Every structure is written in structure tokens, then in C-alpha cells.
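Take a walk through this fold, from the whole chain down to single residues. Keep the viewer open as you read.

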Amino acid sequence: MSVKLLLERKVDDFVKDYPEYKKSEINKKFLFFAMCHLLKNSRMELEDICDGFVDGTNDYGIDGIYTFSSRELIKDDEELKEQISKESRVKIRLIQVTRDDGFSETMLLKLKNGVEEIFNLEKQLSGNEEFVNKANFIRKIWEYCFNLGNVSLIDIELIYISLATAEKVNTKLKALETKTYDYLHSQQLNQARLKFIGIAEL
């Protein structure tokens, strides 16, 4: 696919300025490229972008996790208490990145399962170390907001990035999207949305 090849050339050109990614395999390069472009307007340092990576085995298809309060990145427990108030708008971003040519039911199901893993407090977290650490931090933010009485101000933004060229999302994907929303709503997390990002947006 010519447009896919053009984008991969753009990825190679982009990582030339980053020695730690220049010689990485293409999936790692694409993850780095996609995250940098997605988060470029978030006033984040490169180190902060990379710190949000949780990709690897047992990551529930989630490659990046980022938490914000009033558009400022929340990095640790101390910042959590300093940055979140009863009026804060909190955003939790869960990002999935693949080089598939389209949007996959299998990948979206993994993302849905990851959401349920994070927000099911009755279950002990499992997964790779980075995922568990970030997921635990989300749980702390959720509990802190709950105690402040502002859970309704938490936005859950799910982002699925692929090399899809068509904008159409089939009915099975829409059904999984709805089930993911239903689960979050059952946890009183009513501000949730799923964004599909393909080649055109990248």
C-alpha cells in the first residue's frame, strides 16, 4: 500500500533526530512517532511521553497511559494532591497503537479488557510492571476524585491508532465501543469517548 509506505518513510525520517529510536524495529519507531504526534500539543517533555509507554507483554493492548489535571500532566502521588481540586478537570488517556491496516475487533477487545482490568477495584491488577504501576496510579486518582466528590469531572479518553485508510468503523467495533462505555458508566465514569485515528489523521 503506497500511502502506508510513505508514512513509514516519514516515521524513519522523524526518528533520525532520536538516537535511542533510530535503530529500533519498525513497531517501536511507529509507537514513538504516533505518541509524539498525538501528544505534541500537551506541553509534555519527551521524557514524559516515553515514561507513559507501557507496551510489551501483558499490556492488554494498551501502549501508553497518561493522566492530566486541567491539561497539566500528573506524574506522581505528590503532584496528584497538588494539582487536583474539587473543580479540576481530570483526563485519563489510554492509547493503543498498531501497524495493522485497519481497526481490529481483537485489538479493541483487548483495550476493553484493559479498561475493565484498571477500573475493577475488586480485582488485583495483573500485567507487566509498567502497566501495573500506571494502572495503580489511575486507581489512586479515581479514589482521590471520588473522595473530593468530583468523579463526574473525570474524562476517559481511549485512543486507537492504526494504519487504517478507511474511516468506516463496522458494527462489531461499534458494539464493543458501546460495551466499553457501558462498563465505565457502571462505575460512574460517565465522560468517556473512543477515538479511532488512521493514516489521514497521522
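Two strands pair if DSSP finds at least two bridges between them. Helices (H or I, at least four residues) and strands (E, at least two) are DSSP runs, numbered from the N terminus.

This is a predicted model, in which local features need pLDDT of at least 70 and side-chain atom pairs count only at pLDDT 80 or more, while totals for chains, interfaces and linings use all residues. Residues are numbered from 1 along each chain as its sequence is written, and side-chain values use heavy atoms, with hydrogens and water left out.

Start with the whole chain. It holds eight helices and five strands. Read from the N terminus, the order of elements is α-α-α-α-β-β-α-β-α-α-β-α-β. The radius of gyration is 17 Å, close to the 17 Å that the globule rule gives for 202 residues, so the chain is as compact as a globular protein of that length. That radius is taken over C-alpha atoms, and the rule is 2.2 Å times the number of residues to the power 0.38. Along the principal axes, the C-alpha atoms fill a box of roughly 50 × 40 × 30 Å.

Next, burial and contacts. Buried means under 20% relative accessible area, exposed over 50%, and partly exposed in between (1.4 Å probe, protein chains only). By that cut-off, 48% of the 202 residues are buried. Contact means heavy atoms within 4.5 Å. Of the contacts between residues at least 6 apart in sequence, 70% join residues at least 24 apart.

Now the surface and the charges. Accessible areas come from the Shrake-Rupley method with a 1.4 Å probe; for residues, only the protein chains shown count as cover. The accessible surface of the chain is about 10,800 Å², and 46% of it belongs to carbon and sulfur atoms. There are 30 positive and 35 negative side chains, with the centres of the two sets 5 Å apart. Lys and Arg count as positive and Asp and Glu as negative; His and the chain ends are not counted. Each charge is placed at NZ of Lys, CZ of Arg, CG of Asp or CD of Glu.

Strands of a sheet pair through backbone hydrogen bonds, either parallel or antiparallel.

Follow the parallel part. Strand β3 (residues 90-97) pairs with β4 over eight bridges in the parallel sense. Here R93 stands opposite E157 in β4.

β4 is well covered, with eight of its eight residues buried. I154, I156, L158 and Y160 point one way, while D155, E157, I159 and I161 point the other.

Then turn to the antiparallel part. β1 (64-69) is joined to β3 by six bridges, and the two run antiparallel. T67 has I92 as its bridge partner in β3. β1 also runs antiparallel to β2, with two bridges. There, F68 has L73 as its bridge partner. Six of the six residues of β1 are buried, so the strand is largely enclosed by the rest of the structure. G64, Y66 and F68 lie on one side, and I65, T67 and S69 on the other.

Some backbone angles deserve a look. Most residues other than glycine have a negative phi, and most peptide bonds are trans. β1 and β2 form a hairpin with two residues between them, and S70 in the turn has a positive phi of about 50°. R71, in the loop between β1 and β2, has a positive phi of about 75°. R71 is exposed, at 63% relative accessible area. R43 sits in the loop between α3 (26-38) and α4 (46-51), with a phi near 55°. R43 is exposed too, at 59%.

K123 lies between α6 (105-119) and α7 (129-148). K123 is partly exposed, with a relative accessible area of 39%. Beyond its neighbours within four places in sequence, K123 is in contact with E117 and R139.
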